[in-house]
Structures are given as C-alpha cells and as structure tokens.
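Welcome, and please open the structure in your viewer.

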Amino acid sequence: MKTHTKKPFNPVALWTSPSIVMLLCLTIVPLLMLLVFSFMDRNIFAGQPWPGWTLDNIIRMVGSDTFWRLLGKSLLTAAEVTLLCIVAAYPAAWAIAKVVKPQNRSIFMMVVILPFFTSQLLLIYAMMNLIQSGGLLLTMLEAIGIQGETWLYTNKATILVLTYEYLPYMILCLYSSLEGIEDNLIYASLILGASKGKTFTNIVFPMSLPGLLSGILLVFVPVAGSFMEPGLVGGANGAMVGSMIDTQYSGSLNMGYGAALSCTLLIVLSVIMGLTRLAAARAEKTIGGDME
Amino acid sequence: MKSKGFNTVMMVCLWIVLAFMYIPIIAIIGMSFNATPYGMFPYVFTTDWYVTLFTTSNLLPACWYSLKFAFCVTLAAVVIGTMTSFGLQAYAPKWANRFNFVLQLPIIIPWLVTGISLLLLFSFLGSGRSEFSMFLGNLIVVLPYVVLLVNGRFLSMDRNPESAARLLGAKPARVFFDITLPAIAPGILAGGIMAMIMCFNNFVVQYYLIPIGVQTLPTLVFTRIRSGYQADLNALSAIIVLVSVVIVIALSKLGFSAGGLFGMSSGSTSKKGE
C-alpha cells in the first residue's frame, strides 16, 4: 500500500471535520444545486418537492438580449471600477510603503482600512448624501461658481460608489506587495543606469504583480456581482446583471432561470480571473526574463 | 527614494485618496449635528437626531438584534475556526493547500451567488428563510476569516514548548489549554472581531435568508436608504464610525497590521512570492 511510505495520519487533523462538513454542505453543495436547478422546470418555493428536468432555462437565457447586455455592462463596469481603483491606489500604496516614515506606515494603513469596518451600506449612504442635488458637493461647487448636475441615479454614481467601497482592498493588496520591494534593489537599478521608467517596468511593477492580482480579484469579482449599489444609486437605467439575478429571487421567484443566470455569471467570472492569472504569470516571466 | 518631486507627487495622491475616502464620512458626522433636515445649509447645531435615535427610531432595535445575532455567529465561528486552524497544522502541505483553496471559496464567490445558492439549499431542505438559515449562511461567510487569522498566529508561534510539555507528560488537553491557546489568543481575538464586523455588516446574505418580519440593521438601512434622507441614520452612522475607530485602534494595539487582518490578500501572495 502507498500509505506506508507516507507520514502516518495525525488524529489532530480530525479537528477540521466540523468545518469540512460546513464547507461541503454550505459551499460546495449549494453551488452544485445551483448547477442542477438550472435544468429544473418548476419553482421550489411553490411547494413542488421534485421539479422535472428541462432545458428551457438555458434556451431562454441564451436567447435573452437583456441578460447578455447586462452581463456585458456588469463586466465593463467591473473593469472600469477596477481600473479606477488601480489608478487611485497605486500612488497611494506607493506613498505609504515607500515615502511615509516606517513608524507611521501602520497608522496610515489603519486609516485606509477604517471605512471597511463601517458597513458598506453606510458608505453608500454617505456618498449618496454628498453627491445628491442640494448635497455638500454641489453646494460647494456652486459657491465657487460651478453649476453642476448631480450624478446620483445615473450609472456614473454606481461606478463612483463601487470605487469608493472597494478602493481600500486595492490599496491594501498593493501596499503589501510594494512594501516587500527592498529599497536597495531600486537604488541598484538606478545606480546601474536604468531609467526611472525602466526601473518601474522591470522591477517595481513585476514585484507588485501578486498584490495587483489579488487586488483585481477582490475588486472585479464582487463588483461584477453587485446588485444593491446599482439598485440604490444607479437610477432607472442602473440595472446590472446582479439586479437581474436578484429579481428572479426577490421578485418573480423564477428560481431555475435565476440559477442558470448565476451559473453563467460564475463561469464567466472564473474564466476571466483564470485568464488574468495566466496573463500575469506570463508578464512576470517575460519582464523578469531580461532581468536575469 | 527616487527624486524628491516624485515623492511629493505620490504623497499628494495619497492625501487626495484619503480625502476622497473621508469627506463623505466627515460630512455625515457633520450632518448628524445639523438641524436642517435636507442638505447642509444653514448649519444649525443640534443633538435632536441622537435623541430621536435613542427614543423613537426603529434603527436601534434592529441594531441590537444585529449585535446579538452577530455575537452568536461570531461565537460559533471562533470555536469552529480555532478547531479548524488547530487541526489544519497536522495536514500534509499538499492537503493544507487544497483545504485552503476550498476555504477561500466563500470569500471569492460573490455574496449574491452565495446568498441565492444558500436560499436554494434551505428552501430545498425546508427551513427556507429563517434565523437558522441566516445563522448558517453568515457563519460560512465569516468562518474563513477566523481560520486565516488564527492560522497566521500558528505560523508565527514557537511550537517547541508544546513538544516539551508533551515530553514532560502533559495530556493533550492540558497542552492545548495551557500552552497553545494562550499563544494563539491574539489571533482568535482578531478573528472574532473580524467575524463580528463582517457579520454585523453583511447585507447580501441576510437579505436572502432573513425571516419575514425580522429586520437586521443592514436590511433595515437598505430599506430606509431607498426612501432618501434619514436624519437618525446620520446619527447612527456617526456612532458606528466612532466605534470603528475604537476597534481599529484596539486591533493595532493587539499588534495586528492592516495587512495581517486580511490574511487572504497579503498572506497568500507573500507565500507565493517566497
């Protein structure tokens, strides 16, 4: 038997069994159910114990213009929010990791993650109040002579609010990578004659890739699946794919159809994240290649 | 570092980002003391909204309910999470990695999908929207954070005293309670605080699993935001921000850096880099 060559089973490992059961029952099984119920024709809420099999949900989904349009919109919004987060977070994370005095870094990071500890809904509410017509922002702008129109209840507001919510994650991820780059490495590169741009593309950027990747993962995926932000601030044309999935459950109770939509969303997101990971690994290799 | 001008530009960017993050929060705190019900001006100082919050508002009961609920979930998450982390140390590295992947699924999967898949499961099992379903749903969402934070503590602690105690004849239970537990206690505490905050704030899972007629704070806030300006909500926001500040200070006094709190973002990447 193979087991003889392996380390003997340590009974301490049995302490993980409650969470194995939980992960199995509350994560794996529900995901499988989502897949199975995509092919079910009746509503579980209506009290029919075992619905029959059907392909209607899939056919309806493939033929639904709304779904593909909203899916595209969600992915585009997620890409925009992720990009905005990267653009805002990179200099900020760099400043905390490299410019701020080492003893002050943890204070700055605590300040950055503080909003995370207050609820997302309160952050949304705070931003809504700031940008609403008659809110502080427009009043201030008016005082200095700029007449603006409120963004609230437009798609711009959705992007703004989502960026506001997820920015701390991106700063945190980038910071943890940038902090790990030794100053000496950058000095060495500069002294040996590399330009600042080259130092960035050949050293700083590749070394920040792991943080950037987890940042993208932590921002892109939840934003693509968001439904309450567009519902609250997006206005009449704010719906995203999350809103459509939500409607199948909280509104029309179209469970099988909703399951099919969420499965597709999950698959699309996994593929995108897998491709991002691959691209990053490749970039790391090619950029790192001429360094060695 | 690089040139001085470049550093200045970076610092300016940092302050702009911080301003972006804090102006809405500070504005809400300012408005919670403002008697003018809509907008900002004219600014008239008042504490009436706090009186409303503590007397007639329905936010306070929901807040208490959420605190009690989050506390129960946290208690379960801390016990199960600590057990898991303890057992995980005995795994072969290959299996530990596999376990960690599955453990991170509830973090990675959008809450919307988690919420509806759990609603499917519980409807199928017959418990539907109920406190029981909501409890389990929130538990699975916060459990990974506890395990990751306690794991971090295990990785940095010295395991020799445990072996010494065992050699000297201490029973496993005694070794755990006298040596292991005190060493990982800060991780458990941080995990508990994270679980409590995540659960207290988690709207999506509660939205799908909440029994009819019950309101947690997030679901109530969601309903009320839809109807516009809420003066007592401003007051509650100000209090919650204040409590968050206290928690963040407490966490940093416990020795947790911001990165350490999100074991999954910094921890997993730094391991890959090594």
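Start by selecting chain A: among its contacts between residues at least 6 apart in sequence, 70% join residues at least 24 apart. Two residues are in contact here if their C-beta atoms, placed from the backbone, lie within 7 Å. A word before we move on: this is a predicted model, in which local features need pLDDT of at least 70, side-chain atom pairs count only at pLDDT 80 or more, and totals for chains, interfaces and linings use all residues. Residues are numbered from 1 along each chain as its sequence is written, while chains are lettered from A and ligands numbered from 1 in the order in which they are written.

**Chain A as a whole**

Colour chain A by secondary structure and you will find 12 helices and zero strands. Helices (H or I, at least four residues) and strands (E, at least two) are DSSP runs, numbered from the N terminus. Zoom out, and the C-alpha atoms of chain A fill a box of roughly 80 × 70 × 35 Å along the principal axes. Of the 292 residues in chain A, 46% are buried. Buried takes 20 or more other C-beta atoms within 10 Å of a residue's own, exposed takes 12 or fewer, and partly exposed lies in between, with C-beta atoms placed from the backbone.

**Two loop stops**

Next, select A:Tyr153, in the loop between helix 6 (136-143) and helix 7 (155-179) of chain A. A:Tyr153 has a positive phi of about 65° although it is not a glycine. Most residues other than glycine have a negative phi. Is A:Tyr153 buried or partly exposed? It is partly exposed, because 18 other C-beta atoms lie within 10 Å.

Now jump to A:Asn254, in the loop between helix 11 (241-251) and helix 12 (255-289) of chain A. With 17 C-beta neighbours inside 10 Å, A:Asn254 also counts as partly exposed.

**Over to chain B**

Select chain B, which has 13 helices and zero strands. Of its 274 residues, 47% count as buried.

**Where the chains meet**

Finally, show both chains: 76 residues of chain B are in contact with 81 residues of chain A. On the chain B side, the largest share, 14 residues, comes from helix 1 (residues 4-32) of chain B. Colour that side by class to see 56 nonpolar, 17 polar and three charged residues. Ala, Val, Leu, Ile, Met, Phe, Trp, Tyr, Cys and Pro count as nonpolar, Asp, Glu, Lys and Arg as charged, and the others, Gly among them, as polar.
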